[in-house]
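Biologist: I would like to go through the words used for this model one by one, and ask each time what stands behind them.

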Amino acid sequence: MGNWGTGISSNDIFEDIKDEFFELYNDGLEPTEITQKLVNSNQEIVNDREDANNFWFALALCQWECKSLEPELLERITQIVESGTDIELWKELGAEKSELTKRQKVLDKLLEKLNSEKKNLKRRKKKVFRDSVFKKGDCLSVRLSNGSFGAAFVLESEEQTEYGLNLIALCDYASEEPPTIEFFEKANILISKQQASRDTYQDHPLISWYMAPHFKASEVNLTVIGSLDAKKSYNHEKDYKSYVHWKYISDHIENQPELVAEHGPIQTKLKLKTLRKKTWL
């Protein structure tokens with residue numbers, strides 16, 4: 001359950017479904033056809049108790065944006081909210097009382113919105129093709145909110161694609177000084193903790209795709225300090241299927257000590273150089 005906040009859209013499932021829905025919508029498909037495609041292709045999520053609610057919330061809001069909210073889906077969302085099953089799930093996953101209160105308010109607002117009439121139909125967008133923000137091999141200094149620095153490396157970049165994706169690996173670095181090229185040559189990937197079940201957290205390398213259209217509004221402070229060879233190729237359809245907003249880069253780095261203190265030491269070590277270089281069979 002990849003939540004990073006109590007908001008309806010503050011999770012990976014919501015963002016993925018929303019992006020898929022409107023990609024198909026902008027391609028000319030009708031909402032009913034898109035809905036069926038998404039349900040058919042996401043059966044694992046639909047049948048997963050921890051993820052299903054986020055799937056249905058995303059689908060309902062997308063339908064509402066297109067003035068095509070199906071009564072059956074509205075009834076499903078109403079049942080989830082009014083029965084308290086979503087709040088109960090958050091309790092089981094260890095959410096604190098303050099988080100549960102915020103989540104309930106968010107759910108109430110969602111239901112209120114879905115029961116209101118959308119004034120204007122969401123327009124279909126003509127696709128725009130973009131280059132990624134950073135080039136493959138760029139070594140990035142990350143300015144953190146406390147004035148210190150983190151580090152990140154660009155494993156992949158795209159030219160003239162719809163989202164201009166960068167695959168970025170956060171590095172295990174926190175210092176009062178910006179990272180150097182020498183650091184990147186020997187760097188380790190930052191390993192976080194991700195909830196695998198109610199009481200279990202597993203090591204999770206912080207390697208994700210970032211979209212060019214989201215960069216400008218994110219206000220993230222990244223500086224290219226140099227570049228290294230990155231000969232290994234990556235594809236967003238099969239490699240590291242995680243999409244994260246730029247604004248969360250610094251949060252991931254800053255929250256690392258707290259996560260380790262709460263959920264135990266990191267057992268995994270991953271060298272950046274193994275992700276940069278091709279391996280030959």
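Biologist: Why is W246 called buried?

Modeller: W246 has a relative accessibility of 0%, and buried means under 20% relative accessible area, exposed over 50% and partly exposed in between, with a 1.4 Å probe and protein chains only, so W246 counts as buried. This is a predicted model, in which local features need pLDDT of at least 70, side-chain atom pairs count only at pLDDT 80 or more, and totals for chains, interfaces and linings use all residues. Residues are numbered from 1 along each chain as its sequence is written, and side-chain values use heavy atoms, with hydrogens and water left out.

Biologist: What makes F215 partly exposed?

Modeller: The relative accessible area of F215 is 22%, which falls in the range between buried and exposed, and therefore F215 is called partly exposed.

Biologist: How do you know that E182 is exposed?

Modeller: E182, which lies in helix 8 (residues 181-186), has a relative accessible area of 54%, and because exposed means over 50%, E182 is exposed. Helices here are DSSP runs of H or I with at least four residues, strands are runs of E with at least two, and both are numbered from the N terminus.

Biologist: What makes the aromatic pair of F183 and F184 edge-to-face?

Modeller: The structure holds 11 aromatic pairs, and in the one formed by F183 and F184 the rings are 5.3 Å apart centre to centre, with 70° between the planes. Rings of Phe, Tyr and Trp (its six-membered ring) pair if their centres lie within 6.5 Å, and planes under 30 degrees apart count as stacked, over 60 as edge-to-face and the rest as tilted, so the pair of F183 and F184 is edge-to-face. F183 counts as buried at 19% relative accessibility, and F184 is buried as well, at 0%.

Biologist: Why is the pair of F215 and W246 called edge-to-face?

Modeller: Its centres are 4.9 Å apart and its planes 80°, and because planes over 60 degrees apart count as edge-to-face, the name applies to F215 and W246. This pair links distant parts of the chain, 31 residues apart, with F215 in helix 9 (residues 215-218) and W246 in the loop between strand 7 (222-227) and helix 10 (249-254). F215 and W246 also form one aromatic cluster with F134 and Y210.

Biologist: Why are helix 5 and helix 7 called roughly antiparallel?

Modeller: Helix 5 (residues 71-83) and helix 7 (residues 97-114) pack at an angle of about 155°, with their axes 10 Å apart. Axes are lines fitted to C-alpha atoms, for helices over the stretch in contact, and angles run from 0 to 180 degrees between N-to-C directions. Angles under 35 degrees count as roughly parallel, over 145 as roughly antiparallel, 65 to 115 as roughly perpendicular and the rest as oblique, and therefore helix 5 and helix 7 are roughly antiparallel.
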